[in-house]
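Trainee: Please put the model up, and I will ask about it piece by piece.

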Amino acid sequence: MKQRGRIKKVLMVLAVVLGLVWGLAWAETLYVQRNSVEIKQGQGAFYPTIHTAKKGEALEVVAKEGGWVQVKTPKGLGWVFGQALDAKKPGTTLASFTGTADTSELDKTAGFKGFDAGTEEAYVRTNNLKAQMAQVDAMERPAFSVAELESFQKSGRVGRYGGAR
């Protein structure tokens, strides 16, 4: 009886160890391709940064969701936009330091920077967006009517090139 109990315990420990080893073997590692990348608390550019990873740093992948990759960092789990990562470690060629002709393509759209629906919702939740939009609307309103501007111009107080006389 005692022999069977020991065998069961040994098999259970062996199964746990094999499970851990198998899990580690399948864990994906991605490398930072940019000079540095901010790892955020959530999926969006407006979330707080929990860690800044440098070019070539290996990050262990925990999950992937909608272009975002959840990774382990020294400060806990965080999210980084997948375009900044690759399975290959970056090289040390001159192009890897200066970029290539298509480097700026990554920065052309706000989507690559993480400005998606989730980011916008997080920003609206944490900022007074209505007050900010009211300020923008006020700045867009002309300070004078067209009639007031025409009257001012006819009064002769405006020079030929728009400067005051």
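Trainee: Is glutamate 28 buried, exposed or partly exposed?
Mentor: This is a predicted model, in which local features need pLDDT of at least 70, side-chain atom pairs count only at pLDDT 80 or more, and totals for chains, interfaces and linings use all residues. Residues are numbered from 1 along each chain as its sequence is written, and side-chain values use heavy atoms, with hydrogens and water left out. Buried means under 20% relative accessible area, exposed over 50%, and partly exposed in between (1.4 Å probe, protein chains only). Glutamate 28 has 32% relative accessibility, so the residue counts as partly exposed.

Trainee: With which residue does glutamate 28 form a salt bridge?
Mentor: A salt bridge here is a side-chain nitrogen of Lys or Arg within 4 Å of a carboxyl oxygen of Asp or Glu. For glutamate 28 the closest N and O atoms of the bridge are 3.2 Å apart, and the partner is lysine 64.

Trainee: How many residues apart are glutamate 28 and lysine 64?
Mentor: Helices (H or I, at least four residues) and strands (E, at least two) are DSSP runs, numbered from the N terminus. Glutamate 28 sits in the loop between H1 and E1, while lysine 64 belongs to strand E4. The pair links distant parts of the chain, and the separation is 36 residues.

Trainee: Is lysine 64 buried or exposed?
Mentor: The relative accessible area of lysine 64 is 52%. That value makes lysine 64 exposed.

Trainee: How many salt bridges are there by this rule?
Mentor: Besides glutamate 28 with lysine 64, lysine 40 meets glutamate 38 at 3.1 Å, N to O. Lysine 72 and glutamate 60 meet at 3.6 Å, N to O. The count comes to three.

Trainee: How many residues apart in sequence are the parts tied together by lysine 72 and glutamate 60?
Mentor: Lysine 72 is partly exposed at 45% relative accessible area, and glutamate 60 is partly exposed at 29%. Lysine 72 lies in strand E5 and glutamate 60 in strand E4, so the parts tied together are 12 residues apart.

Trainee: Which residue stands opposite glutamate 60?
Mentor: Two strands pair if DSSP finds at least two bridges between them. Strand E1 (residues 29–32) and strand E4 (residues 58–65) pair in the antiparallel sense over three bridges. Opposite glutamate 60 in E4 stands threonine 29.

Trainee: Which strand holds leucine 85, the residue opposite valine 32?
Mentor: E1 also pairs in the antiparallel sense with residues 85–86, over two bridges. Valine 32 stands opposite leucine 85, in strand E7.

Trainee: Is lysine 40 buried or exposed?
Mentor: Lysine 40 lies in strand E2 (residues 36–40). At 10% relative accessibility, lysine 40 itself is buried.

Trainee: With which side chain does lysine 40 make a polar contact of 2.9 Å?
Mentor: A polar contact is a pair of N or O atoms within 3.5 Å; within protein, one must be able to donate a hydrogen and the other to accept it, and residues adjacent in sequence count only if both atoms are side-chain atoms. The contact of 2.9 Å goes to threonine 49.

Trainee: Which side chain does histidine 51 join in a polar contact?
Mentor: Histidine 51 is in strand E3 (residues 49–54) and is buried at 14% relative accessibility. The contact spans 3.2 Å, and the partner is glutamate 57.

Trainee: What is the geometry of the tryptophan 68 and phenylalanine 81 pair?
Mentor: A search of the whole structure finds one aromatic pair. Rings of Phe, Tyr and Trp (its six-membered ring) pair if their centres lie within 6.5 Å; planes under 30 degrees apart count as stacked, over 60 as edge-to-face and the rest as tilted. For tryptophan 68 and phenylalanine 81 the centres are 5.2 Å apart and the planes are at 80 degrees, so the pair is edge-to-face.

Trainee: Is phenylalanine 81 buried or exposed?
Mentor: Tryptophan 68 is buried, with a relative accessible area of 4%. Phenylalanine 81 has 18% relative accessibility and therefore also counts as buried.
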